[in-house]
Amino acid sequence: MTYERRKIPMSYESRDVARAASGVLLAGALLGAALLPDAPARVSVRLTEWKVELSQGTIAPGTVRFAITNAGSIPHAFEVGGQGVEKQTAIIQPGASGTLTLDLKPGSYEVYCPVGDDSHKKLGMVARLSVVGAHSATPPGVKAIQVVGGGPVIQILPGPFPFPDSAAPVLKQFGDEREGLESQVLRGPYSNNVAPVSGTFTFTAWDKGATRDSVDGVAEFTAQDGARWKLVLDRVQTKDVPHHPRFGGVIMGLYYHGNTGVHTPLVPTINSAVALWAFGHLSRNGAVVSDNAMVHVMLLSRTRREGDFALACWDCSPNKIEELQLQILPGPGEPKFDTPGGFLFVNWEKSGSRPGVG
């Protein structure tokens, strides 16, 4: 979709399901390097009963060398499937190692143990690999953006909104949404109740117009209670949600929130490089939580200060665009997550982006 910088309402979405990789919490700098075009990738793979653990879940397109170790007590193998690829190793005995070298184009891949006519896969030996980067073809007229989370990572927990007096006049404009927003003023997801955590997040989003927008990305993080979460995005929501006057699709370069009258006033006024709602596949400690989680992603003006990461301004639009927000909610009709407030809200405080290239 292509929008001018004008006041319009906003929208939601996301995708994946897989086994969380214990060694996947890499530094943001390493992820940035993994997204550089033509950088050869090496992915370490650890096979056990019943897990497939990857050293990184997001890599650049091109030649990839998988270094596989069977750390289990029975024979296993390793297979990569997706985007026209279907290749596997020979059987790897317990304590032995193997390699598999492939040329991978952008897209989402399933990696798993094929032993026993996929019976090992069905027992949990499966994970997801996302290949994103500069080799993605971007047709003329299509805008694309690549985003890499970096800097301190924080989880935002339920708490009171820091600027209730400023938000109060704006809330009157929200009609059917007003009651829900007013409850969030007292105990919502836009609070100063934050906890330092760790994790990685990379994605590419394409603004193709109408209902054809798309996103491809992976977030993996450890929450404040020690739970390991993994989210895979691949479906942008392109329809507005009833009682939520938001725009669908991928939106780039918009000024909104706060006192702009565009979307919720419970985020300070900001400029955004990209914003989207999506549906995603979500797992917790390797177990599937939802294939239909609602996900909001936004790279925006920095709203939180150094040190305690409290919200620092009611109008943050002049600040540098470097704060990456990831908010995950249960899908329609699904129960709340096993988290404070029943939602997940994670920020990467010094993130970056670059235009997608063909």
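Is F337 buried or exposed?

1. In this predicted model, F337 is buried, since its relative accessible area is 6%, and the cut-off for that class is under 20%. The ring of F337 pairs with that of W229, their centres lying 6.0 Å apart and their planes meeting at 50°, so the pair is tilted. The two residues come from distant parts of the chain, 108 residues apart, with W229 in strand β14 (residues 228-236) and F337 in the loop between β18 (321-329) and β19 (344-348). W229 likewise counts as buried, at 2% relative accessibility.

2. The structure holds 9 aromatic pairs, and one of them is formed by F201 and F203, a tilted pair with 5.3 Å from centre to centre and 35° between the planes.

3. A contact of another kind involves Y112, where K121 lies over the face of the ring at 4.2 Å from the ring centre.

4. Turning to the strands, there is an open sheet of 5 strands in the order β3-β9-β8-β5-β6, and its pairing is mixed. The edges are taken by β3 (58-59) and β6 (85-88), each of which has a single partner strand, so one side of each is left without a neighbour in the sheet.

5. Within that sheet, β8 (residues 107-112) and β9 (residues 126-131) run antiparallel and are joined by 6 bridges, and Y109 stands opposite L129 in β9.

Key
Residues are numbered from 1 along each chain as its sequence is written. This is a predicted model: local features need pLDDT of at least 70, side-chain atom pairs count only at pLDDT 80 or more; totals for chains, interfaces and linings use all residues. Side-chain values use heavy atoms; hydrogens and water are left out. Rings of Phe, Tyr and Trp (its six-membered ring) pair if their centres lie within 6.5 Å; planes under 30 degrees apart count as stacked, over 60 as edge-to-face and the rest as tilted. Helices (H or I, at least four residues) and strands (E, at least two) are DSSP runs, numbered from the N terminus. Buried means under 20% relative accessible area, exposed over 50%, partly exposed in between (1.4 Å probe, protein chains only). A charge sits over a ring if NZ of Lys or CZ of Arg is within 6 Å of the ring centre and within 35 degrees of the ring normal. Two strands pair if DSSP finds at least two bridges between them.
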